[in-house]
Amino acid sequence: MKVTDHIINAQGKTQFSFEILPPLKGQNISEIFNQMDPLMEFKPPFVDVTYHREEYVYKELENGLLQKKVVRKRPGTVGICAAIQNKYQVDAIPHILCGGFTKEDTENFLIDLGFLGIDNVMALRGDAVKTETYFAPEKNGHSYAGDLVRQISELNKGTYLDTEIENQAKTDFCIGVAGYPEKHMEAPSLDSDIHFLKKKIKQGATYIVTQMFFDNTKYFEFVKKCRDAGITVPIIPGLKPLATKKQLNLIPHRFSLELPDPLISQVIKCKNNAAVRQVGVEWCIQQSKELIAAKVPVLHYYSMGKSDNIKAIAADLF
Ligand code: FAD
């Protein structure tokens, strides 16, 4: 079922969902099931599965020269989605990127998803590969998520890249896109970012999932700005409980966001990461309670491969 239909069917009740990462190459699908099993009692209508493109690593050879190697550390997004739908009978949402995909690759990926009975996709640009400063599209690929959204929308109308294909089957994907309450790191301003977010909706996206935030005011102000700009689709808040002291520096740097001072001082006082985990859970529960009171459609948790803290939060709320 489409995310937008799940939201309509819930009749104003906030639902629980979460995002998982494919396991590192070499690990078993049981890694995923072990993470998901404890969370299924909270009845998520859908589960997101991230997509991880190739990375370049440099290996030092015996002669001292460096050999460039292309690796994909976390393949398996589509297979995991199929396995989740089969095992748990919930909608699995694969993330799909501009980065690393030609338009032809995108079309073929979408055809696979359609055949597997997947109803939703999360359309993203992807970041620059770690060894490059700026995002670079593939030759004959998309530069922005909006262009990818347009290609998916065209396939939903039965328009394929090869216009000579006959009896074109239409896909019927519900398309989600990313929104950034504290603006995307490359955007010159929040207004400019919201301008392009609106464009992604015009190009065919029907719901937004936000980047994580730790201060609900940022989300409420973002939603207001989006509504004022004429964006009417559901805006699903994305939340992540802090779990380690290191994340105090990592998260603001990696995701270009601010942590609130009261949260920072609580974490600094923690003697170990078990204590940080507890602070993270409690902070996230308070955020979640306020968001539920504000009648958000779904609370979407970034599990980052660990489910015990998400379970502790969900057990308190759902
Ligand atoms: P875009 O919407 O294309 O925006 C990128 C930047 O370009 C923004 O600054 C925007 O303002 C600007 N912009 C947009 N359109 C235009 C235009 N037409 N002209 C000029 N400027 C424009 N990454 C992964 O690799 N895998 C994942 O699975 C993944 N999942 C994610 C899930 C969520 C909910 C979120 C919030 C992010 C996720 N990301 C993932 C990270 C994401 O790929 C990065 O944040 C990336 O840098 C931007 O992606 P986007 O889709 O928001 O890009």
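Author: Here's a short chat about salt bridges and surface charge in this predicted model.

Reader: How many salt bridges turn up in the whole structure?

Author: A search of the whole structure gives 15.

Reader: What does Asp127 pair with?

Author: The Asp127 side chain meets that of Arg254, at 3.4 Å from N to O. That pair links distant parts of the chain, 127 residues apart: Asp127 is in the loop between strand E6 (120–124) and H5, while Arg254 belongs to helix H8 (residues 247–255).

Reader: And how accessible are those two?

Author: Asp127 is partly exposed at 35% relative accessibility, and Arg254 is partly exposed too, at 40%.

Reader: OK, what about Lys157, which partner does it have?

Author: Glu154, with the closest N and O atoms 3.2 Å apart. Lys157 counts as exposed because its relative accessibility is 53% and the cut-off for exposed is over 50%. Glu154, at 27%, is partly exposed.

Reader: Which residues are linked in a network of salt bridges?

Author: Arg53, Glu54 and Glu138.

Reader: Switching topic: which residues form the negative surface patch?

Author: Glu104, Asp105, Asp162, Glu164 and Glu166 make up that patch.

Reader: Where does Glu164 lie, and is it buried or exposed?

Author: Glu164 sits in the loop between helix H5 (145–156) and strand E7 (174–179). Its relative accessible area is 69%, so Glu164 is exposed.

Definitions and conventions:
Residues are numbered from 1 along each chain as its sequence is written. This is a predicted model: local features need pLDDT of at least 70, side-chain atom pairs count only at pLDDT 80 or more; totals for chains, interfaces and linings use all residues. Side-chain values use heavy atoms; hydrogens and water are left out. Patches are made of residues with over 30% relative accessible area and no salt bridge: like charges are joined within 9 Å, nonpolar side chains (Val, Leu, Ile, Met, Phe, Trp, Tyr) within 5 Å. Accessible areas come from the Shrake-Rupley method with a 1.4 Å probe; for residues, only the protein chains shown count as cover. A salt bridge is a side-chain nitrogen of Lys or Arg within 4 Å of a carboxyl oxygen of Asp or Glu. Lys and Arg count as positive and Asp and Glu as negative; His and the chain ends are not counted. The place of a charge is taken as NZ of Lys, CZ of Arg, CG of Asp or CD of Glu. Helices (H or I, at least four residues) and strands (E, at least two) are DSSP runs, numbered from the N terminus. Buried means under 20% relative accessible area, exposed over 50%, partly exposed in between (1.4 Å probe, protein chains only).
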